[in-house]
Amino acid sequence: MSVRAEKKDVRLAVCMSITFGIGLVCIILKENYILLSYYIPCSFGSVLALYFNYSMCKFTNRWRVHTNSEPSRFLLVSGKIAEWVVFLLSAITAALPAM
Amino acid sequence: MKRGEYLAEKRLQSGLSEKQLAEKLGASEEEVRQWEAGAFPDAKYLLPLSEILGADTEEILRNCSQEATEAFSRTEQAQTEGARAAESEPAPSERLPAAKKQTESYYERLHKKIRYSDDPDSRYYRESRYSDGFSPFERVFGYIACILCVILCIFGTVWHLVEKHSEQDAFSSQVYASCPVDTAAEEKKASVRVAVKSAAAAEFNAEVAI
């Protein structure tokens, strides 16, 4: 991957981390402390998983002998969709009104 | 079915003319006509021919002479030996720098297509199309999603804080309105007023009596 593409990816990862931080502050201000146990692991995990999706899929394939453990396109795409859904759900929980 | 007829049928099924087939194989049109007339194709064209036409090599080889079969098997043997020799090459540090290849042969492209390895020094190495990070579509979607989520969170929090503040104001005003009046002070004031009135009335009566 080129250096320029890597820089753009890091910028998006930083933007997602800032969104995660703002959501955390909003939950604390609204005093919805019960949501923190779901929000923190899901947001943090989804940001990391979205960035390292290819490496994680390749790691799950490392026991396949007859190929070079290259993950299939289906696995990569389905993983990405699931991770984006988790990120969006955790962002929506931060926007929920006070309980 | 004879070989020539088989080749002609397969060529027509794949929708190619004799000229197009000759161009794809790098042979002449005359040679293609001779093959379809019954001549045995040259050994170097057999695999590409079977690949392009989707024809069975066994069917092509059927009804051919012993010499042609031996020529084909010799070609295959030479190719497998060449592949084995390439895999047992010396270590990269000992190798001389390879000359830059202008074109790849059909077999090199085929082998690259069907299998590849992680080792960059292997001749079947193919760089992966995928890597960590985000695609351009994901970047656009990600930025839009982050901006919308931040707006929602900030709007929701501000709304919650404003509601909370207005609730507190209403509560405090209610508390103030229901607060009991200081009755002792009021009674004292009333008694002072009565005393002053009675004193004034007594003085008036005294003046009247005089």
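This is a predicted model: local features need pLDDT of at least 70, side-chain atom pairs count only at pLDDT 80 or more; totals for chains, interfaces and linings use all residues.
Which residues of α4(A) are buried? Residues are numbered from 1 along each chain as its sequence is written, with chains lettered from A and ligands numbered from 1 in the order in which they are written.

**View 1. The buried and exposed sides of α4(A).** The buried residues of this helix are F87(A), S90(A), A91(A) and A94(A); a residue is buried if 20 or more other C-beta atoms lie within 10 Å of its own, exposed if 12 or fewer, and partly exposed in between, with C-beta atoms placed from the backbone. Seen down the axis of α4(A), the buried residues fall within an arc of 100° and so line one face of the helix; the arc is that of the directions from the helix axis to the C-beta atoms. Exposed residues F74(A), V77(A), S78(A), I81(A) and V85(A) are carried on the face turned away from the buried side. The 22 residues of α4(A) should span 32 Å at 1.5 Å a residue, which agrees with the 32 Å between its end C-alpha atoms; the expected span is 1.5 Å times one less than the number of residues.

**View 2. Chain A as a set of four helices.** Its elements run α-α-α-α from the N terminus on, and it has zero strands. Helices (H or I, at least four residues) and strands (E, at least two) are DSSP runs, numbered from the N terminus. Buried residues make up 24% of the 99 residues in chain A.

**View 3. The largest nonpolar core.** A nonpolar core is a set of buried Ala, Val, Leu, Ile, Met, Phe, Trp, Tyr and Cys residues joined through C-beta atoms within 7 Å. Among the 16 residues here, those touching the most other members are M16(A), V47(A), A91(A), A94(A), A95(A), C149(B) and C153(B). Two or more residues each come from α1 (3-30), α2 (36-51) and α4 (73-94) of chain A and from α8 (136-177) of chain B. The largest share, five residues, is that of α1(A).

View 4. The C-alpha atoms of S14(B) and L53(B), 39 residues apart along the chain, are separated by 6.2 Å.
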